[in-house]
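Here are a few notes from my pass through the model. Have it open while you read.

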Amino acid sequence: MEQMRKWIACLLALAVAVGFASCGSGNVQESGSNQMSAQDSSSQQDKTQVITDILGRKVEIPLQVESIVGLSSAPRFIAYAGAADKLVGVSQLEQQGDPGMPHAYVNQERFASCTAVSSGGSGDTIYTEELIQLDPDVIIMKTSVAEKADELQAQLDIPVVTVDAVSFMDPAFSQSLTLIGQIAGTEEHANQVAAAVQGWAADLDARTRDIPDENKPTVYTGALGFSGAHGFEGTSANFPPFVAIHAKNVADETGEKGTFLVDLEKVAVWDPEYIFLNPGSMNLVNEDYAVNPDFYHNLTAVQEGKLYTMVSFNYFSTNMELAIVDAYFAGSVLYPEQFADIRFEEKAEEIFNTMLGCDYLDVLDQNGQGFGTITIGE
């Protein structure tokens, strides 16, 4: 009997030891009220974690985030990461649901129920009073300037996390998506989208990187929008869809780093073999054509019917899904042999469904923003 009592005592001691050991086995860096009893239903809301944002800032945020405000076009990234349902504040511009901003168009109902926390657009103004009243769990801000986030966080006493990326090829884009997934609890979805984007960028690169320059046709893109709409002269060097497929962009010869207005005489000298134009600004191109038809008639691309659409992907920052689809379209046009296995419509809808959760080509077509050939003057 004595041995039985000793044996039971040993079992109880072992159980207590295991219980204590399990209390410190978590992998999440927590602080705040994480010493509270697990039975207390409010303890999870009081726990926090420290994350490192895209600019290397250490930010303490709630362990469970239920409300998010997106600033400076961050709602786009948040939607890609599968966390649009946690948004409580977006810009007024995004609330309009313009089809040229796919993430806002497909989330019209959700965004309409959010509070307008900024104006949006090139002169984006933040509405601090609305932010204070909303008091979200976290603010996610797209910026490359850490000081902006630091100042806003100090002013509001609300955690501000930065995300950023210059193009879909930028590793910071995938990193931003996975970061949002960690914050919002949508890791699986965010990681899947990030992996898909990396895969498309790698695919575009692999198909085109070994094509000799002498076998590449020259190409120009025009009617691009930046700080307003522009006609044929609105172009870009280091144009992301062209960079992704190693295209021979004539505008790169200028030494410019991004969008700019080019002298049409320079385009006449370049005489690119292929031309891609933003369908949303064809009215401006056609207006110029009406007074200067000879310029267009003398271009080889016009004479040979090698004019195509380049759907605008810049609208309150970059619509990454449109930029990727643009790259596949341009690749299919410029390098038909390397893209022979790609059915453009299927690839485009694969990209849209992965990043937006729905088909989108019909939306673009219905709004005069589809992919295809262009005839100047019509």
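1. Start with Y335. Setting aside residues up to four places away in sequence, its contacts are T208, I211, K216, P217, I245, H246, A247 and K248. Keep in mind that this is a predicted model.

2. Where does Y335 sit? You'll find Y335 in the loop between α16 (320-334) and α17 (344-356).

3. Now the inside. The largest nonpolar core runs to 80 residues, and F168, F173, I183, F276, F352 and M355 have the most contacts within it. The top contributor to this core is α16, which supplies 11 residues. There is also a second, separate core of 22 residues, with F232, A237, F260 and I376 among them. As background, nonpolar side chains in soluble globular proteins tend to be buried together.

4. F173 is worth a click. Beyond its neighbours within four places in sequence, F173 touches F77, Y80, D164, A165, S167, F168, V197, M320 and M355. Two of the residues it meets, F168 and M355, are also on the list of those with the most contacts inside the largest core.

5. Last, the cysteines. How many disulfides does the structure hold? The count is 0. C114 has 8% relative accessibility, so it counts as buried, while C358, at 24%, counts as partly exposed.

Conventions: Residues numbered from 1 in each chain as written. Predicted model: local features only at pLDDT ≥ 70, side-chain atom pairs only at ≥ 80, totals over all residues. Heavy atoms only, no water. Helix = DSSP H or I, 4+ residues; strand = E, 2+ residues; numbered from the N terminus. Contact = heavy atoms within 4.5 Å. Core = buried A, V, L, I, M, F, W, Y, C linked by side-chain atoms within 4.5 Å. Buried < 20%, exposed > 50% of the residue type's maximum accessible area, 1.4 Å probe, protein only. Disulfide = S-S within 2.5 Å.
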